[in-house]
Amino acid sequence: MKTLRIEVEIPEDLRRDVEQGVYYCSGSIVASRVDRERGSSIEIDVLDEADPASLEQTVRSWIEQTIRSSLRYEATTVREWGGHDGFVATTEEVLGSPEIHGLGEGLVAYGPKLTRALRAIRGLCESLSEGVGADPFTLPAVATLEHMHRCDYLRQFPQLLSFVTHFREDFGAIDAYSLQCRNAQVADECVPSTDGTRPVKRVLRPAICYHVYACFDGGTVPGKRPFIACAHGDCFRYESRNTTSLDRLFDFRMYEIVAMGSEAGVRDLRERMIEEVSGLLERLGLPGRVKSSNDPFFVSGSVMMSTFQRAQDLKYELEVPFPNREGHLAVASFNLHQDFFASRFAIRTDDGAVAHTGCTAFGLDRILAAMLVHHGADPDGWPASSREMLRLPD
Ligand code: AMP
Ligand code: ZN
């Protein structure tokens with residue numbers, strides 16, 4: 001392993017995204033640190049076999065492209081509230097809990113207490129949904145490429161996607177694979193050859209709301225009050241080397257409240273959601289703030305998109321203080337998509353206009369992680385008021 005230090009000016013609002021995004025530049029990068037104070041350099045630890053000169057060139061040109069295509073905006077904080085100070089448990093204590101089972105990079109299983117707590121957190125989302133009259137949907141965890149292409153996800157966030165395939169209907173190929181596994185000493189010898197598999201036509205969903213638009217393909221929603229859908233389930237994002245703890249998983253649980261209707265109706269619902277979700281977390285005893293934001297980018301086109309998002313106040317995130325490098329964790333986002341998805345799925349309001357859409361997305365694992373570090377690794381010891389709110393039994 002060697003360390004490469006690249007002198008480059010990185011604007012303050014891009015330092016975190018550069019530090020996390022640089023892993024996608026090359027598989028030989030195993031750790032990265034941007035000087036967060038001055039932003040005058042990035043240090044990367046790289047495998048010995050990497051060619052430092054060409055790696056530096058790749059990283060430099062990626063950073064330059066990122067800076068070039070992104071305009072500078074000050075993030076604005078629209079709400080902020082306190083709670084108890086400091087953390088009750090460290091992330092190490094949380095990860096050491098007998099209720100958390102690491103089952104592979106970014107894959108966790110929770111035992112009964114944490115599963116009940118997670119279910120209770122989802123229950124709070126359900127109550128919010130009911131409060132705004134949302135209708136529940138059941139959606140698949142897999143999406144077709146055709147669908148995600150229509151959502152423009154493939155162009156914007158290819159680095160996050162996981163692709164799904166399977167064997168061709170071919171006895172020879174299937175039987176040969178079975179034999180390969182029977183003789184394998186280690187799992188690496190069970191990686192299937194792509195000769196026997198079909199071309200990739202499906203992906204694991206990276207968020208919930210995309211399927212909702214597809215359910216309304218060519219449909220009509222009321223113009224007066226938005227149609228509101230809610231759904232939840234596992235979502236998948238390949239976060240590369242950033243997947244080190246509970247806060248950034250490959251397979252995580254999301255709950256979404258999705259609105260479709262007039263621009264004003266969708267925007268009003270977002271304001272209400274910001275207010276209600278903030279109040280909810282405050283009552284759970286979690287401090288936090290709601291800030292304008294943008295989606296982290298890697299490829300060039302998305303950078304324009306993220307700039308646009310911030311310029312237009314299209315994305316807000318609810319952040320809770322967290323003992324990670326950033327000092328906080330986004331546990332929910334409040335998004336407006338204008339008429340982007342509705343025009344791609346021909347969704348209109350009943351007065352004939354192209355609908356607007358928006359979503360409120362909750363990272364359920366992250367809310368749980370925030371509760372664990374703020375109130376303790378064992379939910380039995382959480383404050384009575386939080387337990388009561390979550391209706392956890394005494
Ligand atoms: P986004 O669609 O990026 O706004 O994500 C919605 C919410 O999902 C975020 O606010 C996070 O709480 C959660 N989330 C996003 N990515 C991850 C991840 N890799 N692991 C766990 N939670 C995540
Ligand atoms: Zn969404």
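How do the residues of the shell around ligand 1 divide into nonpolar, polar and charged? I counted eight nonpolar, two polar and six charged.

Ground rules first. This is a predicted model, in which local features need pLDDT of at least 70 and side-chain atom pairs count only at pLDDT 80 or more, while totals for chains, interfaces and linings use all residues. Residues are numbered from 1 along each chain as its sequence is written, and chains are lettered from A and ligands numbered from 1 in the order in which they are written.

**Ligand 1**

I listed 16 residues around ligand 1, and L249, F252, S333, A361 and G363 come nearest. A residue is near a molecule or strand if its C-beta atom, placed from the backbone, lies within 6 Å of it. Then I looked up which elements give two or more residues to this shell: they are β13 (251-261), β16 (328-338), β18 (356-363) and α12. The largest share, four residues, comes from β16. For the element names, helices (H or I, at least four residues) and strands (E, at least two) are DSSP runs, numbered from the N terminus.

**α4 against α12**

I followed α12 (residues 364-375) to its packing with α4 (residues 112-131): the angle is about 115° and the axes are 10 Å apart. Axes are lines fitted to C-alpha atoms, for helices over the stretch in contact, and angles run from 0 to 180 degrees between N-to-C directions. On the α4 side the contact uses L114, A117, L118, I121 and R122, and α12 brings L364, I367, L368 and M371. Contact here means C-beta atoms, placed from the backbone, within 7 Å. I sorted these residues too: eight are nonpolar, none polar and one charged.

**Domains**

I noted domain 1 (2-69), domain 2 (77-159 + 204-390) and domain 3 (166-196); the bounds come from an automatic or database domain assignment. The centres of domain 1 and domain 3, taken over C-alpha atoms, are separated by 38 Å.

**Two open sheets**

One sheet has three strands in the order β1-β3-β2, with antiparallel pairing. Its edge strands are β1 (2-7) and β2 (29-34), each pairing on one side only. Strands pair if DSSP finds at least two bridges between them. I found six bridges between β1 and β3 (residues 41-46), with R5 opposite E43 in β3. Helix α2 (residues 52-68) lies across β1 and β3, at about 45° to β1.

The other sheet also has three strands, ordered β8-β10-β9 and antiparallel.

Definitions and conventions: Contact = placed C-beta atoms within 7 Å. Nonpolar A, V, L, I, M, F, W, Y, C, P; charged D, E, K, R; others polar.
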